[in-house]
Amino acid sequence: MTAINVFVRPDRAFLMTDGAFYLPDGHIVGFGNKAMPIPNLNAAIAVRGLQKVVAEFAFDFSIRYRNFDDLAARLQDDLSEWQDLRARDAGYTAWSDVDLYVVGWSDDEQRMKALNFMTRAGGTDYAVGEVEEIGEFTVGPYPSDEEWFVNLRSLGASLEGDDAVRRFDPIRHGIPIMEAQRRMMVDPAEMGSAFTGTTPISLVGGHITLTEVSKDGVSQRVVYRWADEPGVPIKPAAFVAPSRIRPTPPSNLSRQQRRAWERQHGRLAA
């Protein structure tokens with residue numbers, strides 16, 4: 001399962017993805033880029049599922065649309081057409097697994113926008129889902145309550161509060177969130193017939209690619225690497241709580257101020 005996290009501010013957006021590709025049993029086969037910039041549209045895309053369509057979508061979008069607003073207006077109909085023409089070709093039998101994210105700058109609205117499209121499958125029939133706008137952020141897979149409200153909170157990275165996304169920092173918040181996603185062990189039986197084996201596996205690894213989109217353009221870089229290797233499963237490290245550093249009181253406190261400080265921070269040794 002590809003980790004795709006989108007954080008949208010009015011002036012810029014951050015798209016963070018992992019870089020591991022693996023076999024159905026969870027063994028890594030290699031590393032690569034799961035997000036593609038589309039510079040002429042001031043946009044970027046990422047896909048969870050059928051990864052080989054990422055480059056195709058990026059190329060197709062770059063020549064099909066005049067700007068991001070044109071893309072947003074026509075994307076629903078064009079994806080329906082794409083499915084009709086190609087989904088049942090031999091190379092696209094897994095169309096039902098595509099979960100598409102598109103981030104870009106809207107000239108019409110003078111703000112960043114992020115869109116999500118997920119196919120829906122019912123029996124042997126494939127149905128096109130609705131293109132939906134993402135609010136301030138989406139994180140997927142979403143960390144467990146323990147990870148989000150205990151582990152990430154202890155690191156100051158759980159994005160709580162009304163202004164959390166405005167304060168979002170890809171290094172301070174984004175990397176710990178993806179570490180939490182990496183620690184989520186998945187039961188292959190819950191991932192569908194494409195996955196084999198019975199041992200829980202981690203599906204977030206390789207490296208973290210940060211794609212940043214704004215009115216001024218698109219940039220992309222790797223901001224973190226794990227020590228994963230091809231041929232073996234991902235082995236996430238256990239969470240380590242931050243050590244509590246005892247604060248040191250100012251040296252010029254009066255006796256009364258010292259007692260007040262000790263009530264707040266704990267009694268000092270004599």
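**Sheet and helix packing in a predicted model**

Val186 is located in the loop that connects α4 and β13, helices (H or I, at least four residues) and strands (E, at least two) being DSSP runs numbered from the N terminus. The model is a predicted one, in which local features need pLDDT of at least 70 and side-chain atom pairs count only at pLDDT 80 or more, whereas totals for chains, interfaces and linings use all residues. Residues are numbered from 1 along each chain as its sequence is written, and side-chain values use heavy atoms, with hydrogens and water left out. Val186 has a relative accessibility of 17% and therefore counts as buried, a term that denotes under 20% relative accessible area, with exposed meaning over 50% and partly exposed in between (1.4 Å probe, protein chains only). Between the C-alpha atoms of Val186 and Ser202, which are 16 residues apart along the chain, the separation is 6.1 Å.

The chain contains five helices and 14 strands. Five strands are arranged as an open sheet with antiparallel pairing, in the order β12-β1-β2-β13-β14, where two strands are taken to pair if DSSP finds at least two bridges between them. Because β12 (137–140) and β14 (217–225) stand at the edges with a single partner strand each, one side of each is left without a neighbour in the sheet. On average, and with direction ignored, neighbouring strands of this sheet are turned by 15° against each other; axes are lines fitted to C-alpha atoms, for helices over the stretch in contact, and angles run from 0 to 180 degrees between N-to-C directions. The antiparallel pairing of β13 (residues 207–214) with β14 extends over eight bridges, and Thr209 has Val222 as its bridge partner in β14.

Helix α4 (residues 170–183) packs on the sheet, where it touches β1 (4–8), β2 (12–18), β12, β13 and β14, and its direction makes about 35° with that of β2; contact here means heavy atoms within 4.5 Å.

In helix α3 (residues 145–154), the buried residues are Glu147, Trp148, Asn151 and Leu152. These residues cover an arc of only 125° around the axis, which puts them on the same side of α3, the arc being that of the directions from the helix axis to the C-beta atoms. Asp145 and Glu146, on the other side of α3, are exposed. The buried residues of α3 pack against β12 and α4, and the helix is followed by Gly156, which has a positive phi near 70°.

Over the chain, buried residues make up 45% of the 270 residues.
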